[in-house]
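Dear colleague,

Please find the structure below. My notes on its confidence, salt bridges and disulfides follow it.

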Amino acid sequence: FGGQPWGEPQPCRFTAWSEWSSCDAFFEVQRFRSRTVAQQAEFGGPPCLDAVREVAPCPAKPLDMEPCTVSAWSEWAVCDRSCGGGQTLRKRHVVRPPRNGGPCDQGSLAETRPCGRRPCAPPGLNDCALSEWSEWSNCSSACGLGAATRSREVRAPARKGGRACSGPLLESAACTGNSSECDDAVDCEWDNWEDWGACTRTCGGGTRFRERPIRRPASRYGEPCSPKERSEVGPCNVHSCKVCTDGRWAKWSAWSECSASCGSGLRSRHREVARQANSCGEPALGLADEFESCAAGDPCTRSVDCVLSEWTDWSDCSSTCYGVAERHRSIKHHARGEGLSCRGSATKEVRQCSPGADEKPPKGCWDGPESCSLSHWSSWTDCSTSCGRGQTSRTRHVLTPAKNGGDLCEANLTEVGACHAGHACREVCTDCAWSSWSDWTECASCDDQRFRHRRVEKQPNFCGKKCEAGNAKETSSCGRVCRRPPKLYCGWAPWSTFSNCSAPCGPSTQHRSRSLVLSKVPPANADDLLFETRGGAQTTCNGTQLETKACRFKSCEPEHVPVDCELSPWGEWSSPACTQLCERRREVRRWNDHGGAACKGSLAETRRCEHDCTQAVDCAFSQWSDWSSCTSGDSEAPQTYRSRTVEVAAINGGKPCAGIFQETASCTRPPDPTLPCQFEAWSRWSACSSSCGGGLHLRKRSIQDPAQQGGELCSGKLEEMEKCNTFRCGGPAIPCRLSEWGDWSACEDGAANRQRERRVLQESTDPKEACSGALREVAECSRAVDCEVSLWSEWDECDRSCGGGQRFRHRQITRGASGDGRRCPANLAETEGCHVAPCGLQDCKLSDWSPWTPCSSSCGAGAQSRARHVRQAPRHGGEGCRARLNETRTCEDTPCDVADCIWGAWSDWSTCTSACGGGQRTRERHILQAPEVGGRPCEPVDKEQIEACNLRSCDESQCVDGLWAEWRGGGACCMSP
């Protein structure tokens, strides 16, 4: 070091070689050339360790040389297979061998190449189809041996009995770069990512792979490779395998003609389902029919107001004691069309007599009040349903009306209660059911028509009987019904309840219906009214709407639990390679299935590792992955896939990887292995065709293993020739002989290099046996230079996340030792343990707190609680949970109000136990509000009372018969002649 500034390392450099010495009478066989050291190595650069003087054979004299003559190639032979991949060959022969060392460079005499590549069975319309191969990629090496790749993919999966695809999808072949950069200092260069390989599935989420090779490794003095990912996996074709088709309505039809020729009517339009939904589509929802009111012009009848007659005289009193008298009037002219009706006008009046108003009762009449009395309740009716919950009812009637100012009846005449049939309803088939007929409509005139309607009250479910064809409207003659028609309302009846779903699984629908009815009462919802009329039987109000809605979708397929793709743990780091990188890999341990997540991430990663490497290393493939799982998706002949990667890259002239990276096969049978064609070893060389002066000898080989299952076919030489016995005729050739190397010269003071030599002991008589190689070599003289190393790098990541892994750090030699200098340390890399916790370590975990429960009291002080549970139990020595699982706290919503006791009102008096001669009746009351929160208690009063009733005598001293009044005049005739 010596305080000198340290610059960039500079290698030793030689001058260019001198020209070869001339070959003349003195040197007929050997020639020489030399060079010197132009610049010594500096700052730790590589020293000069190479030849500075070389010897080589003199070129043969061309005057007496005669080259060999080879025939033209024969035609290619007929392919040994017409389909499925075969081999063909062609041959040629030596017409005349070379003489006097003449050249014969055309070495091949028999060649083979692939043929008959088309499939043996023509692909059917439903067969799986592979795309064409892509173009070969650029060679991975700019100089020397490299590799090129090409790919293809499954273009269309098999359907309906078609055959599945089988064969390679990604393959590589050896290639040679043509750049001159091999002689220069070349830095390592990563290639771009290759195209993604074929997806393992056509739909439903598959997996694909891609590689990133080293396009050009570093030369001897080049910059080594930087650490990067070399292989990765990612998801593909994540779209669903199901193509869902929704239902679609056709266009609405034109509106129909108006249903009435006068007054108000209806018109309608209809639409059909143009396309039904498939197994996962949404059905067409909405109404299939629409109705609206329409006006047909003039009213159907002339408008005439209703006219009443005069009152008759009052009749005689109906009884000598507390009777009634009545008078009547009639309708002289009924209302027609839009005329005013007589609705609300009385046609009969009744008044009290014996005594009349403000009169005293006649002598002997009982003037006490008589209250209204009700009959006993009838028995409860049967439950309205045969299963589950339903309704029941009972009735009573007025037994005796109130008299003489007695209490009126004020109580329910009908009661409805809940009932239970004793067992729950099971899923049964529901048949279609028509409703009961409605009442006949009013007649506008005696020769008019009247109508009645009914509707489908219950729609059938998926297994019930369909509706039988029948009338939804009936008509009949009015006959002698001659009353003025009231105002009628054409509107929609309430919707029926929705039917059961049309299918237990898959897409299904529910239906409900409603019908147009002509009613005396307008619909509760104003939007359901179409029009109002007095047209009577001439009015048309007829139609039915059906509404459809989708049921909650329930798949008919068995439920599958999604299975996510899973990657294996990282393997151990490989040994340092000549790329100055270490590598570790992982594989797909489990493929995704049933909609699970596909794998995504790196499969091979690298890190910097120093390694001194000069030997050639051949490329090596990794082991094949397992075949992927088979799921049908949208194909009836599913595919399975497997892949492998480059485990060791070729360097220093090693053979590149040539073969298949990814392949596919049918899932319907175990996939056969894809094997490339293999040549057998070359035979021994045959005897030379000439004993001297240059002859030829041959060697042969044949195809040992034909390609199988779409493997790479053979292409290359089957027979080749080589020159032999090239020495001159007239005596055996004397080979050249070199001496052993001499000792290295001494290093004088300040000398940078030392050298050693050897010499030619015996020259050859034949140029083919001449010496070739170095005669003088130089090497660096030793100097006392201490070794220098860099600082330690940062620790890299642990190679395992649990279970005990390793991590590494490195340092480099920045200047090597020479002479008596301090030697370099042996430890340039260190490792230590990391992540020693077991892989299964799992601490206890608690769930989140549940919401607080409602307060236990609606007023005043109460309590509420919340809870949580152990969501994950500890495993493999993990920490346990130490916390409460339940909590309680006080709560007070609102202060409670003080409530006093309140007695309810008295019930009505019961029916008298006797109609005359004296009876009894009772009434009762109950506590309506009990005292709360310190309220005033109930007062001690009567809860039930009893009293006498109907005290009049049962014996009547005089019987009075009923008497009709005189006939009055008749009203207007309701029918004209």
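**Salt bridges and disulfides**

Glu 757 is partly exposed, because its relative accessible area is 38% (buried means under 20% relative accessible area, exposed over 50%, partly exposed in between, with a 1.4 Å probe and protein chains only). This is a predicted model in which local features need pLDDT of at least 70 and side-chain atom pairs count only at pLDDT 80 or more, while totals for chains, interfaces and linings use all residues. Residues are numbered from 1 along each chain as its sequence is written, and side-chain values use heavy atoms, with hydrogens and water left out.

The side chain of Glu 757 meets that of Arg 776 in a salt bridge, at 2.5 Å from N to O (a salt bridge is a side-chain nitrogen of Lys or Arg within 4 Å of a carboxyl oxygen of Asp or Glu). Glu 757 belongs to strand β51 (residues 753-757) and Arg 776 to strand β53 (residues 773-780), so the pair ties together parts 19 residues apart in sequence. Strands here are DSSP runs (E, at least two residues), as are helices (H or I, at least four), numbered from the N terminus. Arg 776 is also partly exposed, at 24% relative accessibility.

The structure holds 23 salt bridges. Another of them is between Glu 566 and Arg 589, whose closest N and O atoms are 2.3 Å apart. Glu 566 sits in strand β38 (residues 566-567) and Arg 589 in strand β40 (residues 588-590), so parts that are 23 residues apart in sequence are tied together. Glu 566 is partly exposed at 24% relative accessible area, and Arg 589 is partly exposed at 48%.

Arg 642 and Glu 663 form a salt bridge through their side chains, 2.5 Å from N to O. This pair links distant parts of the chain, with Arg 642 in strand β43 (residues 639-643) and Glu 663 in strand β45 (residues 659-666), 21 residues apart. Both Arg 642 and Glu 663 are buried. Separately, a network of salt bridges links Arg 230, Glu 583 and Arg 585.

The disulfides (pairs of cysteine sulfur atoms within 2.5 Å) number 10 in the structure. One of them joins Cys 582 to Cys 609, with 1.9 Å from S to S. Its torsion about the S-S bond is about -130°, so this disulfide is left-handed. Cys 582 lies in strand β39 (residues 581-585) and Cys 609 in the loop between β41 (601-608) and β42 (620-621), 27 residues apart. Cys 582 is buried at 3% relative accessibility, and Cys 609 is buried at 2%.

The sulfur atoms of Cys 798 and Cys 834 are 1.9 Å apart in a disulfide. The link of Cys 798 and Cys 834 is right-handed, with 85° about the S-S bond. Cys 798 is buried at 15% relative accessible area, and Cys 834 is buried at 9%.

Cys 912 and Cys 949 are joined by a disulfide, 1.8 Å from S to S. The torsion about their S-S bond is about 90°, so this disulfide is right-handed. Cys 912 and Cys 949 are both buried.

On confidence, the chain averages a pLDDT of 75, and 77% of the residues score at least 70 (pLDDT is the predictor's confidence in each residue, from 0 to 100).

Regards
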